Amino acid sequence: MRLYILFSFLLLAVICSCRVDASQVKFGPLCSGNSSNRKRGCDTKYGCGSYGASRDGGKRKHGGLDIVCADGATVYAPFDVTLNGKAAPYIKNNAINDGINLRGEGLCFKLFYVKPVSYSGSLKKGEKIGTLLPMQTVYPGITSHVHVQMCDKSDPTKYF
């Protein structure tokens, strides 16, 4: 009986030590040409890329964080991830209405404006998720970017 209790405690300790503390997670490079994950600043016509930035004259808030990425650039897995289907940012279709739902390192998040290689499966850190879609065709003059949005709509900035 004592051996069974000891074994149970050991198993519990191993399981607990394997849990990921999401507060310590940092995104690896998301986009070719931006290894430091530089955030999009403000564009005169389109606003700012920070979480909570004003949209539509203050009627709504920006629900994610924009990471600079050139049109057509490769978008990479920031850490080991599972791909969980399509995430479309708009109701109306346009040239950049695509994205992907992902999970990894204890986080659930979406990447918008990306044409993924696949909508399912898993990738290792640094593997290609897809390609940034042509933002300039929809928003001429904007700083092209990947939009990172947490599934629970919380602020992703602390992970960068």
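Colleague: What share of the 160 residues in the protein is buried?

Modeller: This is a predicted model, with residues numbered from 1 along each chain as its sequence is written; local features need pLDDT of at least 70, and side-chain atom pairs count only at pLDDT 80 or more, while totals for chains, interfaces and linings use all residues. Side-chain values use heavy atoms, leaving out hydrogens and water. Buried means under 20% relative accessible area, exposed over 50% and partly exposed in between, with a 1.4 Å probe and protein chains only. Of the 160 residues in the protein, the buried share is 39%.

Colleague: How many helices and strands are there in the protein?

Modeller: Both are DSSP runs numbered from the N terminus: helices are H or I with at least four residues, strands E with at least two. On that basis the protein has 2 helices and 13 strands.

Colleague: Which residue in β9 stands opposite Ile100?

Modeller: β8 pairs with strand β9 (residues 107–112) in the antiparallel sense, over 6 bridges. Opposite Ile100, the residue in β9 is Leu111.

Colleague: Is Leu102 buried or exposed?

Modeller: Leu102 belongs to strand β8, which covers residues 99–104. Its relative accessible area is 1%, so Leu102 is buried.

Colleague: Leaving aside neighbours within four places in sequence, which residues is Leu102 in contact with?

Modeller: Contact means heavy atoms within 4.5 Å. With those sequence neighbours left out, the partners of Leu102 are Val81, Thr82, Leu83, Asn84, Leu107, Cys108, Phe109, Leu111 and Ile129.

Colleague: How many Å apart in space are Leu102 and Lys86?

Modeller: Along the sequence, Leu102 and Lys86 are 16 residues apart. In space, C-alpha to C-alpha, the separation of Leu102 and Lys86 is 9.4 Å.

Colleague: What share of the contacts in the protein between residues at least 6 apart in sequence join residues at least 24 apart?

Modeller: The count takes in contacts between residues at least 6 apart in sequence. Among these, the share that joins residues at least 24 apart is 61%.

Technical notes. Two strands pair if DSSP finds at least two bridges between them.
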